[in-house]
Amino acid sequence: MMKKLGLLLAVILVLSFASTFAAAQENKIAINPIGFLIDYISAEFETKLGANYSLQVGADYWGLDLGEGFDLKAFGIGVGARYYPSGEALHGVYVVPSVNLAWAKGEYEGEEATVGVYGAGIAAGYQWVFRSGVTLDLGLGMGMPFHITGTEEDVEVDKKPTTSFKLGIGYAW
C-alpha cells in the first residue's frame, strides 16, 4: 500500500514540475490517482482531432482480493469522441459518448467464471490544463451494457445502467 502511495506521489510531483513548450496542447495522458489505493489502474490517452473535438482511448484493470477464497480480476477498454462546446479541444466543459468492452474472471472457493460485457455510455465533465501542462479532469457518466457473455450458465449480470465518477490527473503536450 505504501509503495503504491509513494509511486502515486512521485507521478504527481513529476507532472507538477513538468514544463510545456507549446502554447496549444494536442495530446494528453492521464491516470486515476485514487485507483492505486484500491488495486484499480486506469489510464487514458486523448488526442485533438479538430478545434473542439478529440478522440480518447482508455484502459482499466482491477485486481481485487475480496476476502478469503474470493478473487476478481477484470480488464476493460473504451473509445470515446469528446466534444468541447467552448470551442477548444482538451480545455473546459466536454461531453463524450463512448463504447466499452470489459472482461472479468472471478474465483470463489475453487469455482471459476468468466464474463464479457459490451456496452456504451455518455459522460460530461470539465478538464483543466495548467500552464505547466498538468491536467485535472472531473466528470460524471452513465453506461449501459448491451451484451453479456459468460462461461458458466449460472453467471448472472444485470443489464442495468451504471454510473461513474471520473478523476484524472495527467499531462498535456
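Predicted model: local features only at pLDDT ≥ 70, side-chain atom pairs only at ≥ 80, totals over all residues.
Strand 3 covers residues 53–65 and strand 4 covers residues 70–83.

**The whole barrel**

Now step back from that pair. How many strands close into the barrel, and in what order? There are 8 strands, and they follow the order 1-2-3-4-5-6-7-8 with antiparallel pairing. On average, neighbouring strands of this sheet are turned by 25° against each other, ignoring direction. In general, the strands of a sheet pair through backbone hydrogen bonds, and the pairing can be parallel or antiparallel.

Where do strand 1 and strand 8 meet? Strand 1 (residues 27–31) is joined to strand 8 (residues 162–172) by 4 bridges, and the two run antiparallel. You can find this meeting place at Ile31, whose bridge partner in strand 8 is Ile169.

**Walking around the strands**

Moving on from strand 4, you reach strand 5, and these two pair in the antiparallel sense over 12 bridges. Here Phe75 has Trp103 of strand 5 as its bridge partner. Strand 5 then pairs with strand 6 (residues 111–129) over 17 bridges, again in the antiparallel sense, and Glu107 stands opposite Glu112 in strand 6. Next, strand 6 pairs with strand 7 (residues 134–150) over 15 bridges, also antiparallel. In this pair Gly121 stands opposite Gly143 of strand 7.

| Hairpin | Residues between the strands | Turn residue and its positive phi |
|---|---|---|
| Strand 5 and strand 6 | 2 residues | Glu109, about 50° |
| Strand 6 and strand 7 | 4 residues | Gly133, about 100° |

Which residues make the nonpolar surface patch? Leu49, Tyr53, Leu55, Val57, Val79, Tyr83 and Val99 make it, and its area is about 610 Å². The largest share, 3 residues, comes from strand 3.

Tyr83 is a patch member that you can find in strand 4. Its relative accessible area is 42%, so Tyr83 counts as partly exposed, a class that lies between 20% and 50%.

**Two residues in loops**

Is His91 buried or exposed? His91 is buried, because its relative accessible area of 17% falls under the 20% cut-off. This histidine sits in the loop between strand 4 and strand 5 (92–108). Leaving aside neighbours within four places in sequence, His91 is in contact with Gln25, Tyr84, Ser86, Gln127 and Val129.

Ile34 is also a loop residue, found between strand 1 and strand 2 (40–50). Ile34 has a relative accessible area of 45%, so it is partly exposed. How many residues separate Ile34 and Leu167 in sequence? They are 133 residues apart along the chain, while in space their C-alpha atoms are 8.0 Å apart.

Methods:
Residues numbered from 1 in each chain as written. Heavy atoms only, no water. Pairing = 2+ DSSP bridges. Axes fitted to C-alpha atoms, helices over the stretch in contact; angles between N-to-C directions. Patch = residues over 30% accessible without salt bridge, like charges linked within 9 Å, V, L, I, M, F, W, Y side chains within 5 Å. Areas by Shrake-Rupley, 256 points an atom, 1.4 Å probe, with all protein chains shown as cover. Salt bridge = Lys/Arg side-chain N within 4 Å of Asp/Glu carboxyl O. Buried < 20%, exposed > 50% of the residue type's maximum accessible area, 1.4 Å probe, protein only. Contact = heavy atoms within 4.5 Å.
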